[in-house]
Amino acid sequence: LQRHEALLDDLQTQGIDGGVAAEVRQVRRDLERTRALLHGNPVAARTLSMEIGSRLQGLPAQARATFRAAREAELQARAQAEQAALQGLEAAWRERLAAWEDPLARELAAPALARLRRELLQRGAAATLAELDSGLARVRVEAGARAEAVRQEAAREAEAAAAQALREQLK
């Protein structure tokens, strides 16, 4: 009986008894019944102890297999959740970039966008849509200002070139 108890205690100590909890409870109840029978009916106690021993024989392997399967299922679920979160983030990224109406600003923002995307993807599932929106807003403002400066410079250069061409025609 002590060996049976020790085996059940080992399963509990290892933390792998959760998947076979019903079996463990039943064996513990049977062990109590066996102890009760020890004094009044030792033959029945011995028979019950042997039955318990045969049931316990495969229990550790079953407990480990159940524990491994549960852990693998948990890891797989976590990986799927992370993959779904990354896919959602990727879809949001494409949607928000497609809504960007200023092609010059978007082109000027390419390095900053690449940096932001890399940062978000490195964070994985921990990255949020709020962080995406915040980062894109910041990049958009900076790129918009740079695009406006490029346009103003181009306009000045065009005006200067037109004025130069007009002066040369008037000569």
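Colleague: Why is D30 called buried in this predicted model?

Modeller: D30 has 4% relative accessibility. Buried means under 20%, so D30 counts as buried.

Colleague: What makes R33 partly exposed?

Modeller: The relative accessible area of R33 is 47%.

Colleague: What makes R96 and D133 a salt bridge?

Modeller: The closest N and O atoms are 2.3 Å apart. A salt bridge needs them within 4 Å, so R96 and D133 count. The pair links distant parts of the chain: R96 sits in helix α4 and D133 in helix α7, 37 residues apart.

Colleague: Why are R96 and D133 called partly exposed?

Modeller: R96 has 24% relative accessibility and D133 has 34%. Buried would need under 20%, exposed over 50%, so R96 and D133 are partly exposed.

Colleague: Which residues of α7 are buried, and what do they pack against?

Modeller: L132, G135, L136, V139, A143 and A147 are buried. They pack against α4, α5 and α6.

Colleague: How does the reach of α7 compare with the span expected at 1.5 Å a residue?

Modeller: α7 has 42 residues and reaches 60 Å from first C-alpha to last.

Technical notes
Residues are numbered from 1 along each chain as its sequence is written. This is a predicted model: local features need pLDDT of at least 70, side-chain atom pairs count only at pLDDT 80 or more; totals for chains, interfaces and linings use all residues. Side-chain values use heavy atoms; hydrogens and water are left out. Helices (H or I, at least four residues) and strands (E, at least two) are DSSP runs, numbered from the N terminus. The expected span of a helix is 1.5 Å times one less than its number of residues. Buried means under 20% relative accessible area, exposed over 50%, partly exposed in between (1.4 Å probe, protein chains only). Contact means heavy atoms within 4.5 Å. A salt bridge is a side-chain nitrogen of Lys or Arg within 4 Å of a carboxyl oxygen of Asp or Glu.
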